[in-house]
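Biologist: I would like to learn how to read a protein model, one feature at a time. Could you walk me through this one?

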Amino acid sequence: MHDAAPRDDASIADLAAAVVALAREIESRHEHADYIPLTQTERLVLGTLDRHGESAPGALAERLGMQRSNLSTALRGLEAKALVARRRSSPDGRGVLVSSTPLAAENLSRLRARWAEVLEAVTPEELDVASVADSLHEMTQALIEQRRSRS
């Protein structure tokens, strides 16, 4: 591993630029993959449902730090693709829970396999991939929490 470089605004900005550029390159590599195309928001929703299971839309929006209207748009798109299902959660019919479908699990598995294939070819052997992934996830969650606290 490399020695830790000093942290300054420029290096942190370089990290952000690298993450954005990497995401763009990964995105460009699955035009012909065998999965149902998803928007970035739809992928976030499905990934969250995959990790945390069935959820009320309001709780899901809060967990993702999203506006409910944006989540509703994503859920409608996912329903149209048969990737999420809604069910009533209360006897009076007012409560709703959303969950991913078996097709969503299959689709996510194919997408993740494609991501792994794309990155495996260029990932340095000495890179602690799990540690980097954990750090990026923690940073993402911290940014979501900051956004939540401002709303």
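**Reading the model together**

Modeller: Buried means under 20% relative accessible area, exposed means over 50%, and partly exposed is in between (1.4 Å probe, protein chains only). Please keep in mind that this is a predicted model, where local features need pLDDT of at least 70, side-chain atom pairs count only at pLDDT 80 or more, and totals for chains, interfaces and linings use all residues. Residues are numbered from 1 along each chain as its sequence is written, and side-chain values use heavy atoms, with hydrogens and water left out.

Biologist: Thanks! Which side chain meets that of Arg43 in a salt bridge?

Modeller: The general idea is that side chains of opposite charge can pair when their charged atoms come close. A salt bridge is a side-chain nitrogen of Lys or Arg within 4 Å of a carboxyl oxygen of Asp or Glu. Here the partner of Arg43 is Glu27, at 2.8 Å from N to O. The pair links distant parts of the chain, with Glu27 in helix 1 (residues 9–28) and Arg43 in helix 2, 16 residues apart. Helices (H or I, at least four residues) and strands (E, at least two) are DSSP runs, numbered from the N terminus. Glu27 counts as partly exposed, because its relative accessibility is 33%.

Biologist: How many salt bridges does the structure hold?

Modeller: There are 7 salt bridges. Another one joins Lys81 and Glu42, whose closest N and O atoms are 2.7 Å apart. Lys81 lies in the loop between helix 4 and strand 1 and Glu42 in helix 2, so this pair ties together parts that are 39 residues apart in sequence.

Biologist: Is Glu42 buried or exposed?

Modeller: Glu42 counts as buried, because its relative accessibility is 5%. Lys81, with a relative accessible area of 27%, is partly exposed. Glu42 sits in helix 2 (residues 40–52). Leaving aside residues up to four places away in sequence, Glu42 touches Pro37, Ala74, Gly77, Leu78 and Lys81; contact means heavy atoms within 4.5 Å.

Biologist: Where do Glu117 and Arg114 lie?

Modeller: Both are in helix 5 (residues 102–120), 3 residues apart, which is about one turn of the helix. Glu117 is exposed, with a relative accessible area of 51%, while Arg114 is partly exposed at 21%. Salt bridges that share partners also join Asp34, Glu106 and Arg110 into one network.

Biologist: Now for the core. Which residues have the most contacts inside the largest nonpolar core?

Modeller: A nonpolar core is a set of buried Ala, Val, Leu, Ile, Met, Phe, Trp, Tyr and Cys residues joined through side-chain atoms within 4.5 Å. The largest one has 16 residues, and those with the most contacts inside it are Val45, Leu46, Leu60, Leu71 and Leu78. Helix 2, helix 3 (57–64) and helix 4 are the elements that give two or more residues to this core, and its largest share, 4 residues, comes from helix 4. Contacts of Leu71, not counting residues up to four places away in sequence, are Val45, Pro57, Leu60, Ala61, Leu64 and Met66.
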